[in-house]
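Look at the sequence and the 3D view below before reading on.

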Amino acid sequence: MLKKIDADLIGSLASVVCLIHCLFMPWVIMFSGAWLSQYFTHPLFHHLMLVVALLIGIPVFLRSYIKYN
């Protein structure tokens with residue numbers, strides 16, 4: 001037999017998850033900034049992000065140029 005899903009329980013669980021997220025996310029961002037800064041300042045990171053930006057940007061630019069001239 002299938003049980004009916006209790007909407008109140010799902011709403012309460014979603015509220016608790018939201019509360020935990022809102023309380024801890026600023027701390028995670030604050031502490032991860034110091035920890036991740038060693039990766040963001042590495043020259044390889046900037047080259048990798050340039051390649052990713054070009055792989056995303058060039059097809060979008062070409063499609064828009066062809067469509068709108």
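**Surface, helices and side chains**

A nonpolar surface patch of about 1,100 Å² is formed by V16, L19, I20, L23, F24, M25, W27, V28, I29, M30 and F31. A patch consists of residues with over 30% relative accessible area and no salt bridge, in which like charges are joined within 9 Å and nonpolar side chains (Val, Leu, Ile, Met, Phe, Trp, Tyr) within 5 Å. A salt bridge here is a side-chain nitrogen of Lys or Arg within 4 Å of a carboxyl oxygen of Asp or Glu. Areas come from the Shrake-Rupley method with a 1.4 Å probe, and for residues only the protein chains shown count as cover.

This is a predicted model, in which local features need pLDDT of at least 70, side-chain atom pairs count only at pLDDT 80 or more, and totals for chains, interfaces and linings use all residues. Residues are numbered from 1 along each chain as its sequence is written, and side-chain values use heavy atoms, with hydrogens and water left out.

The chain has two helices and zero strands; these are DSSP runs numbered from the N terminus, with helices (H or I) of at least four residues and strands (E) of at least two. One member of the patch, V28, sits in helix α1 (residues 7–40). V28 is partly exposed, at 45% relative accessible area. On this scale buried means under 20%, exposed over 50%, and partly exposed in between, using a 1.4 Å probe and protein chains only.

How much of the chain is buried? Of its 69 residues, 0% are buried. The chain has an accessible surface of about 6,900 Å², and carbon and sulfur atoms account for 78% of that surface.

Next come the cysteines. The whole structure contains zero disulfides, a disulfide being a pair of cysteine sulfur atoms within 2.5 Å. C18 is in no disulfide, because the nearest cysteine sulfur, that of C22, is 4.0 Å away. C18 is partly exposed, with a relative accessible area of 44%, and C22 is also partly exposed, at 48%.

The last topic is the aromatic rings. Rings of Phe, Tyr and Trp (its six-membered ring) pair if their centres lie within 6.5 Å; planes under 30 degrees apart count as stacked, over 60 as edge-to-face and the rest as tilted. The count is one aromatic pair. F61 and Y65 make up this stacked pair, with 6.2 Å from centre to centre and 20° between the planes. The two residues are four apart in helix α2 (residues 43–68), so about one helical turn separates F61 and Y65. F61 is exposed, at 56% relative accessible area, whereas Y65 is partly exposed, at 49%.
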